[in-house]
Amino acid sequence: MAEEGKADEQLFQLLSGLLHQVETLTNQEEVELRSKIEALGLEVTKVPSKSTQHLDELEIAKELDKLSAKLDDVDEMISSAMASDPQVQSLLSGTADVWVPVITATADERRNFTSSIADDNPNAQAKGSD
């Protein structure tokens, strides 16, 4: 679970870095997009409360619908940003090999992804153990 958290943290660091680059290139602060990225990051890292009741299929379907709607909102934001700014499109396309596998992977794939990054980058391990 901790490794999955690292992958999430890396993804949101990447998104924040990309947003910073976009803001620098466009000379415009993207307050709304930044707040949505931060909110999504908090949502992803939030630990679910221990429920005394079990969810039935209908409640699970409702929760999935809510999450799908949030993902649709994020997709719309990215799509509109890409459509309105060729630099955003170029930046996202140029880094897709980094962020697409992370957001489309299963939990096991994300753990393996994190492990392979640590294996490929011994400096990151040394840096993290300081």
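Reply: Methionine 82 is partly exposed, with a relative accessible area of 24%; buried means under 20%, exposed over 50%, and partly exposed lies in between, for a 1.4 Å probe and protein chains only. Methionine 82 belongs to helix H3. Helices here are DSSP runs of H or I with at least four residues, strands are runs of E with at least two, and both are numbered from the N terminus. This is a predicted model, in which local features need pLDDT of at least 70 and side-chain atom pairs count only at pLDDT 80 or more, while totals for chains, interfaces and linings use all residues. Residues are numbered from 1 along each chain as its sequence is written, and side-chain values use heavy atoms, with hydrogens and water left out.

Leaving aside neighbours within four places in sequence, methionine 82 is in contact (heavy atoms within 4.5 Å) with Val88, Gln89 and Leu92. Between the C-alpha atoms of methionine 82 and leucine 92 there are 8.1 Å, and the two residues are 10 apart along the chain.

The axes of H3 (residues 57-84) and H4 (residues 86-94) come within 5 Å and cross at roughly 120°. An axis is a line fitted to C-alpha atoms, for helices over the stretch in contact, and the angle runs from 0 to 180 degrees between N-to-C directions. H3 and H4 are therefore oblique to each other; under 35 degrees counts as roughly parallel, over 145 as roughly antiparallel, 65 to 115 as roughly perpendicular and the rest as oblique. On the H3 side the contact is made by Ile78, Ala81, Met82 and Ser84, and on the H4 side by Pro86, Val88, Gln89 and Leu92. Six residues of this contact are nonpolar, two are polar and none is charged. In this count Ala, Val, Leu, Ile, Met, Phe, Trp, Tyr, Cys and Pro are nonpolar, Asp, Glu, Lys and Arg are charged, and the others, Gly among them, are polar.

On to the next helix. The axes of H4 and H5 come within 6 Å and cross at roughly 70°, which makes H4 roughly perpendicular to H5. Leu92, Ser93 and Gly94 of H4 meet Ala96, Asp97 and Trp99 of H5 in this contact. Three of the contact residues are nonpolar, two are polar and one is charged.

The largest nonpolar core has nine residues: Leu11, Leu18, Val22, Ala81, Val88, Leu91, Leu92, Trp99 and Val102. Such a core is a set of buried Ala, Val, Leu, Ile, Met, Phe, Trp, Tyr and Cys residues joined through side-chain atoms within 4.5 Å. Helix H1 (2-26), H4 and helix H5 (96-104) each give two or more residues to this core. In soluble globular proteins, nonpolar side chains tend to be buried together. With neighbours within four places in sequence set aside, leucine 91 is in contact with Leu18, Gln21 and Val22.

The rest of the chain gives the setting. The chain has seven helices and zero strands. Of its 130 residues, 18% count as buried. Among contacts between residues at least 6 apart in sequence, 63% join residues at least 24 apart.

Last comes confidence. The chain averages a pLDDT of 77, and 77% of the residues score at least 70; pLDDT is the predictor's confidence in each residue, from 0 to 100. Over residues 124-130 pLDDT stays under 50, and the model has one contact beyond four places in sequence for this stretch. Where pLDDT is low, the predicted coordinates should not be read in detail.
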